[in-house]
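Please look over the structure shown below before reading on. The briefing that follows takes up helix packing and the nonpolar cores.

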Amino acid sequence: MHAEARDLIAAMPLPAVLIRWDERIDAANAEAVALLGDGLVERHFITVLRQPVLLDAIEGTLRDGAPRKTRYLTSNGRQDTAFDVSCRAVALSKGPGVLLTFSDVTQMEQAGQMRRDFVANVSHELRTPLTALLGFIETLRGPAREDAAARERFLEIMGNEAGRMERLVGDLLSLSRLEAEERVRPTQPVDLPDLLNSVLSGLAPVAAEAGVTLIPELPEAPLEIAGDPDQLRQVFVNLVENAVKYSGKGAQVTLRLSAPAYHPRLRADGVEVEVIDTGPGFDPLHIPRLTERFYRVDSHRSREMGGTGLGLAIVKHIVNRHRGRLRIESTPGKGSTFRVILPLRAAPPRGEEG
Ligand SMILES: Nc1ncnc2c1ncn2[C@@H]1O[C@H](COP(=O)(O)OP(=O)(O)OP(=O)(O)O)[C@@H](O)[C@H]1O
Ligand SMILES: [Mg+2]
């Protein structure tokens, strides 16, 4: 083959393999070697590409010259990778050939799967309260028509269910807004001790009702960071509310703000806000998934409390938008700590960040 053709294959950004009329590999670029292994040239293609659908496609194109598209799947034990493979006929000097190019479609397929899962989850979350509402409407029209006491009771439940649907829709909207602006870093000055104090006083009635003691460990002096005050409030309301909700009677929830310090994880100066509870905690195996939408440790308990399962997903997005970090620790029987590390000042321009 011409050196020029070989150079062309080497210059292709995707894995590319050229197969000759005698069914041997004529050329392969570095990307193909990375995918299929060393020593490809002059081997019979069947010994390299062992997947039947791909072999059929290559043979077909060698025979009739028509282009074909097919799939190639690999796995390194931890992760599966899916390729779309294109087979195109090429006229070589001594006969027909086939050029294979591999494009990695794993991420596209994963994104599609995530979208389908998300829609399924949302539908499921909405259907539960909706089914309850429909059931009660039915009952109010029929059996409970003249029963004033039952009517009151059912209307209250219906109000709760409708409220849950409203919260769910509100949370979904705030998530999609957050996603849209995640790359825009907020820059308003926010006095953290002041904000955290007002979060605590806002939740004092909830804590009192739950029999939980709130313990502030906040500095007296103002401490300003660059951020979005409404969103930061949302973060700490969510975390303190969770701590109160899931810890239950007799528990203590501490809200602690540390002095500014250099944080290696941020590669910058930052502050740490900790929400520490003495509640039941959970198995640390849940931690990696806790910030996923709709993930709950105990879904029955969360739903009973009117939770949407979106709180921590929102927290995670807001913290990301502030270029901060969220760390979760929990010991079953002892309690949990949710730690938010926030940079003090606006970050250096993109590219210099880690
Ligand atoms: N402090 C905590 N102690 C024990 N479990 C917790 C704590 N915080 C969160 N969880 C668990 O994590 C799950 C996810 O929390 P998240 O805030 O995302 O959803 P939620 O509280 O169920 O709903 P929402 O916050 O939307 O009302 C909760 O359902 C709960 O099982
Ligand atoms: Mg919550």
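Leaving aside its neighbours within four places in sequence, which residues is F236 in contact with? They are L192, L195, L196, V199, E241, V273, V340 and L342, where contact means heavy atoms within 4.5 Å. This is a predicted model, in which local features need pLDDT of at least 70 and side-chain atom pairs count only at pLDDT 80 or more, while totals for chains, interfaces and linings use all residues. Residues are numbered from 1 along each chain as its sequence is written, and side-chain values use heavy atoms, with hydrogens and water left out.

**Nonpolar cores**

- A nonpolar core is a set of buried Ala, Val, Leu, Ile, Met, Phe, Trp, Tyr and Cys residues joined through side-chain atoms within 4.5 Å, and buried means under 20% relative accessible area, found with a 1.4 Å probe on protein chains only.
- The largest such core has 48 residues, and F236, L239 and V240 are those with the most contacts inside it.
- Among the elements that give two or more residues to this core are α7 (192–210), α8 (229–247), β11 (268–277) and β13 (335–343); helices here are DSSP runs of H or I with at least four residues, strands are runs of E with at least two, and both are numbered from the N terminus.
- A second, separate core has 21 residues, including L40, L49, L54 and C87.

**Helices α7 and α8**

- These two helices, α7 and α8, pack at an angle of about 35 degrees with their axes 10 Å apart, the axes being lines fitted to C-alpha atoms over the stretch in contact and the angles running from 0 to 180 degrees between N-to-C directions.
- Among the residues of α7 that meet α8 are L192, L196 and L203, and the α8 side of the contact includes P229, F236 and V244.
- The residues of this contact of α7 with α8 divide into 15 nonpolar, 1 polar and 2 charged.

**Helices α6 and α10**

- Helix α6 (residues 148–180) and helix α10 (residues 311–321) pack at an angle of about 20 degrees, with axes 10 Å apart.
- That angle makes α6 roughly parallel to α10, a description used for angles under 35 degrees.
- In α6, the residues D171, S174, L175, L178 and E179 meet A313, I314, H317, I318 and R321 in α10.

**Surroundings of α10**

- Helix α10 is mostly covered, since 9 of its 11 residues are buried, and what covers these buried residues includes α6, α8, β12 and β13.
- After α10 comes R323, whose phi is positive, near 60 degrees.

Definitions and conventions:
Chains lettered and ligands numbered in written order. Parallel < 35°, antiparallel > 145°, perpendicular 65-115°, else oblique. Buried < 20%, exposed > 50% of the residue type's maximum accessible area, 1.4 Å probe, protein only. Nonpolar A, V, L, I, M, F, W, Y, C, P; charged D, E, K, R; others polar.
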